[in-house]
Amino acid sequence: MNDKKKDETGSVHTFLHSTLPAIFAIVGLCMWALIVVFLVALTTFSRVIRPITPHGTLTEAPYVSIGAPSAWAVIACIALVIMCSLVSQYLSRYNKRTVLTGLLIWVFIAQIVWIASVCLIFSFYSDTQSLVNAASAIITDQTRYFGIDACPKLRSMRPGVCIPVRLHTYFSEYPFQAGPALWMTLIFRIFGVRNIVSFQIINALMIVGIVWVLWRLTEQIALSRDEEGRAQRVVMSAFAIFAATCVPLLTFATFVYPNMAGLFFVLMGIEMLRTSLTQVSCARKFWSAFSACLLIGVGVAIKSTFIIFALAIVVAVFVVSLISRGWWNMLSALAAAASAKAMPALSEKLFGLITTQNFGKGMPLNLWLYLGLKHANLRHDGHPAGWWDLGMAQLYYGAGKGNHDVAAHAAWLEIGKEIHALLQPGHAGSFFTRKLASEWADSTFMTSYYSQLGISAWGRSAPAQWLIFGAGHDGWFGFQDIHESLVVICAALGVICLLTTVCRKATHHDVSSVSFELIWIVASFVGGFLCYVLWEAKGIYTLPFYIFLLPCAGVGLYYIQLMAQRVGCWVKERIIQTLSWQS
């Protein structure tokens, strides 16, 4: 009887601490694999083009072209695979610290060169103008411009130019922009008012930090099948190559907006939280977890949609706690999620105290859901599916009467109409294909668009203009198309390999491959993808999730090399056998 109870207890423990975590990991990896395979098809058979206007600028609205890739594109992709494989094999001879140091130095230098070649002194992006004007008003003690009756004209980033802007109206519509405004105020307070270049250099430093954290995550999920760690070094080298040649990552710093600052703080918080999970000392564990919560909260305050990463933390820590039975770690995860929820509200209160204004609740969040489903009835007005347009403001001030609650109700009614339109035959497939293509098949992720969206100190002869508009245009955008296709293909193979590894080990009740890093990346990417299926579409929004494919792309490239070696050995054996038969 006692033996039977022990067997039953052992079975329950095995299920809770081994089988159940493996099920969570397998389900998540299956979802991730399906999404990435879909992205392979999407990036292979669709291309996003931004025409050049008569004024010599790129259009924000993308044109999605559906069709098979050209033969040259296939040849170029194969050539890039071979080149990346050879370079990764060469770099794997060096120790990881040397490769990492070289990668970080290159990422920083490449960004500085691009910032200098663009040399923006004025940005046309409306949100940037509003945030810079707000930061300038705070620093120069002109908070009267935030008043509801303030003069609608305020000097813009371009000296001597005035633009009509009501800061009170802007922050009443978007109170969550308080965090970005405070971040920009801090930068300008240190480096000078309206100093765009300094903001871009800070962005560049943040991206260097992001690459470092991605390296650490890759190191944890990389497979090491040999005692010397050769496989892991190849994976890390492959990741370094993909990161060093990821043009959107290297050119993002010119975007005068705090997206990457928010991502930097969140990822640094993730690294601190990951460290706290392995700490033995209670004091070190507490301070690591506290620092993680603070960094994650600051990151979400700067970019509110990054709360997806905080929710992924709760999922990852829960799965890891099932394995380790360290349920006290859930306190850190819940504290991080609470910090991500509280910090944006705190930044809004702080911003209100500084400006002596109450901006209210702002536009309801379901208006962005309405934007994401707008044009679901496939209106042929030339506007891309799910992208921003004036309909959002018209709904808020029209049917919504400028009231948060009334606008929320009106938005739900409009969302219902758009969903009803999607139920018509063929509409949903066409709508979501074009929407997702405009987000994910844009190999530049809008970084080239934002790099030229303004006035350069170089004038029309900026070196970057040669790549974006000049003779280098086809090569510039063509390389990014090929690079994205290769990354997505390798990432799909890498995710499938990780999935098979977890499944194979799970059959022996081995959950050693189910790590916090793996579950967090899976939950973050799947959550981000599903969010932007419905949310407002924009390529720049999906870039933070795209770079999470780089670690898996490193794993995939390693397996491509492994398969190539096996095929080569098989061919060699067949040739030897054939020659021996003939002799």
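**Cavity, pocket and packing**

Analyst: In this predicted model, the element that gives the most to the lining of the largest cavity is helix 22 (residues 539-546), with 4 residues.

User: Which residues line the largest cavity, and what is its volume?

Analyst: The count comes to 1 cavity of 30 Å³ or more. Its lining consists of Asn 259, Lys 303, Thr 305, Phe 306, Tyr 532, Ile 540, Tyr 541, Pro 544 and Phe 545. The volume of the largest cavity is about 30 Å³.

User: Which element gives the largest share of the lining of the second largest pocket?

Analyst: The second largest pocket holds about 530 Å³ of space. Of its 25 lining residues, Thr 43, Thr 44, Pro 69, Ala 73 and Ser 485 are the closest to the centre. Two or more residues each come from helix 1 (2-45), strand 1 (46-49), strand 2 (63-66), helix 2 (71-91) and helix 20 (473-506). The largest share, 8 residues, is from helix 20.

User: How do the residues lining the second largest pocket divide by class?

Analyst: The lining has 25 residues. They divide into 13 nonpolar, 8 polar and 4 charged.

User: At what angle do helix 7 and helix 21 pack, and what is the handedness of the crossing?

Analyst: Helix 7 covers residues 196-221 and helix 21 covers residues 516-534, and their axes lie 8 Å apart. The angle between them is about 115 degrees. The crossing is left-handed.

User: Which residues make the contact of helix 7 with helix 21, and what are their classes?

Analyst: Helix 7 contributes Leu 217, Gln 220 and Ile 221. Helix 21 contributes Glu 517, Leu 518, Trp 520 and Ile 521. By class, the contact has 5 nonpolar, 1 polar and 1 charged residues.

Methods. Residues numbered from 1 in each chain as written. Predicted model: local features only at pLDDT ≥ 70, side-chain atom pairs only at ≥ 80, totals over all residues. Heavy atoms only, no water. Axes fitted to C-alpha atoms, helices over the stretch in contact; angles between N-to-C directions. Left-handed = near helix turned anticlockwise from the far one by under 90°. Contact = heavy atoms within 4.5 Å. Nonpolar A, V, L, I, M, F, W, Y, C, P; charged D, E, K, R; others polar. 1 Å grid on protein atoms, 1.4 Å probe; cavity = no way out; pocket = protein on both sides within 12 Å on 5 of 7 lines; lining within 4 Å. Points joined across faces, edges and corners; volume = space filled by probe spheres on them.
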